[in-house]
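Morning, everyone. Please bring up the sequence and the structure on your screens.

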Amino acid sequence: MNYLYGLTIQGIQSYIFQTNNLREIIGGSELIESICTSYFTEFIGKKENEISGNILLNAAGNIRFQTSMECAQKIYKEFGWQLLQKAPGVPYSQAVVQIKSERNAILEIDEALRIQRNVLQHKVDLNYMGRMLARTTGDAAVNISGYSDKKRQSLDAATLNKFLLGGDAELIKLKISDPEVKFAKGFSDIAKGGKHSWLALVHIDGNGMGNIIQKILGDSDRPFNDLNDFSQAVENSTISAFKDALKLIKYNSVLPFRPLVLGGDDVTAIMRADLALKFCETYLQKFEYYTKQNLKENEHAPDGLTACAGIAFVKEKFPFHYSAHLAEELCSHAKKESNRKLSCLMFHRVQDSFISDFDEILERELTYGKEVLAGGPYFINNVSGKPQIGKLLNDVKQLFEEDSPKNAMREWVDAALKGSGLEETLKERMEAKYDKPNFKDLIKDYHRYNDYLTLLSISNG
């Protein structure tokens with residue numbers, strides 16, 4: 001068994017969020033999860049007399065399988081063909097390298113998979129001239145009835161496969177089996193009970209994972225086993241932290257929440273907007289705690305890991321592929337500002353129909369003179385000179401008081417972003433009018449006014 005087979009799914013977020021139908025989003029998420037878990041293990045199990053080897057990794061959109069050259073070729077050909085049928089449209093690449101040393105094989109398979117991204121995938125289902133098209137995608141349609149909530153419609157093979165999945169893969173991973181727990185089936189179900197139909201798309205990612213993996217590759221005598229142990233410890237920590245954060249969410253009949261990506265150190269979820277900040281704060285705290293527990297014997301990360309989060313607040317009708325992109329941008333911005341060492345988050349409320357990268361949003365929407373009206377990132381721990389999530393939430397609570405300066409803050413932000421020249425006058429008026437000690441502290445930092453107003457707009461109080 002001196003060969004390494006690898007498969008990587010590219011653009012997971014883009015694939016999942018290419019539609020605005022929650023049922024399809026959930027199905028796309030489960031399809032991605034199934035490729036590396038149940039589909040692959042079932043494939044190997046059915047060919048146990050033909051294929052033997054060791055699964056080194058099968059999670060988070062990646063498969064690494066140690067086997068012989070003959071078996072690797074068989075997997076490359078037959079499993080790849082199966083994916084074209086069971087998961088049409090999923091962008092993936094496959095490669096096989098010889099294991100001359102474990103360390104080199106890991107580096108070589110990653111490079112080979114990067115090269116394979118440029119290879120065009122073939123479609124199994126060809127579209128002939130007189131064949132009906134699926135209206136939402138333009139691909140060849142499958143004649144189907146009974147899978148639409150309202151009426152019969154024509155679906156392409158990829159959409160049909162998403163609809164046929166149960167949507168329970170992430171829930172099974174979380175071991176949520178309570179029959180009383182009902183998860184939302186539509187964006188309106190998630191937004192129900194919230195304020196003005198605001199939703200939050202949350203993306204969370206661990207810090208410094210690439211550096212740790214490079215250290216393991218450089219130092220380990222058995223990198224296959226050590227990488228697998230490290231990956232499993234991180235995965236277990238992610239799931240435990242997620243479950244603890246989920247306990248905070250109160251609901252009546254339908255849980256206003258949906259996990260979409262939950263693997264490795266990655267988390268993506270949709271939830272009611274007012275729940276997002278507290279959920280992320282708790283998750284980041286618990287992720288640090290569990291990784292410290294699960295990696296205390298690991299010489300490369302004995303103190304555990306940290307993570308950063310991005311939260312995009314959007315209306316339920318807003319295109320979710322833009323939301324996913326923005327949440328990732330916010331997460332990346334938080335990582336950059338924290339030097340990828342501390343746990344923190346950034347958030348933004350979308351009020352524009354045009355979404356680009358976050359740096360452009362800062363320049364176009366939030367720049368006041370030479371300064372930016374964005375107070376983040378917000379940290380989970382007390383870091384000198386850095387704002388904390390807990391204090392931010394407490395400040396917003398104070399602004400719910402009847403005599404708070406929230407309206408004056410809104411007037412100042414509008415004047416500042418329009419460049420009216422009234423900013424100093426309005427600030428002096430606020431300082432004179434709101435003389436309570438707690439309000440005086442809030443008024444001092446105008447960089448956070450817009451963040452306060454964002455949370456007020458989506459909060460249920």
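I will go from the whole chain to its cores, then a cavity, then some loops.

First, the ground rules. This is a predicted model, where local features need pLDDT of at least 70, side-chain atom pairs count only at pLDDT 80 or more, and totals for chains, interfaces and linings use all residues. Residues are numbered from 1 along each chain as its sequence is written, and side-chain values use heavy atoms, with hydrogens and water left out.

Now the overall picture. The protein chain has 17 helices and 16 strands. Helices (H or I, at least four residues) and strands (E, at least two) are DSSP runs, numbered from the N terminus.

How much of the chain is buried? Of its 461 residues, 51% are buried. Buried means under 20% relative accessible area, exposed means over 50%, and partly exposed is in between, using a 1.4 Å probe and protein chains only.

Next, contacts, meaning heavy atoms within 4.5 Å. Take those between residues at least 6 apart in sequence: 70% of them join residues at least 24 apart.

On to the cores. In soluble globular proteins, nonpolar side chains tend to be buried together. Here a nonpolar core is a set of buried Ala, Val, Leu, Ile, Met, Phe, Trp, Tyr and Cys residues joined through side-chain atoms within 4.5 Å. The largest one holds 81 residues, and Ile311, Phe313 and Trp412 touch the most other members. Helix H9 (residues 223-246) gives this core its largest share, nine residues. A second, separate core has 60 residues, among them Leu22, Val90, Met346 and Leu366.

Stay with Trp412 for a moment. Leaving out residues up to four places away in sequence, Trp412 touches Tyr368, Leu373, Glu423, Leu426, Lys427, Met430, Tyr446 and Tyr449.

On a 1 Å grid over the protein atoms alone, a cavity is a set of points where a 1.4 Å probe fits but cannot get out; lining residues have an atom within 4 Å of a point. Grid points are joined across faces, edges and corners, and a volume is the space filled by probe spheres set on the points. The whole structure has two cavities of 30 Å³ or more.

Which residues line the largest cavity? The lining includes Phe347, His348, Arg349, Phe358 and Leu366. Strand S13 (344-349) and helix H17 (449-458) each supply at least two lining residues.

Last, the loops. Gly376 and Pro377 are joined by a cis peptide bond, with omega about 5°. Pro377 sits in the loop between strand S15 (371-372) and strand S16 (378-379).

Two residues other than glycine have positive phi. One is Ser197, at about 60°, in the loop between helix H7 (187-191) and strand S8 (198-206). The other is Arg340, with phi near 55°, in the loop between helix H11 (320-337) and S13.

Why does Arg340 count as partly exposed? Because its relative accessibility is 46%. Ser197 is also partly exposed, at 30%.

One more loop, between helix H10 (276-294) and strand S12 (307-315), holds Pro302. The C-alpha atoms of Pro302 and Lys292 are 6.6 Å apart, and the two residues are 10 apart along the chain. Pro302 touches Lys292, Leu295 and Lys296, not counting residues up to four places away in sequence.

Conventions. 1 Å grid on protein atoms, 1.4 Å probe; cavity = no way out; pocket = protein on both sides within 12 Å on 5 of 7 lines; lining within 4 Å.
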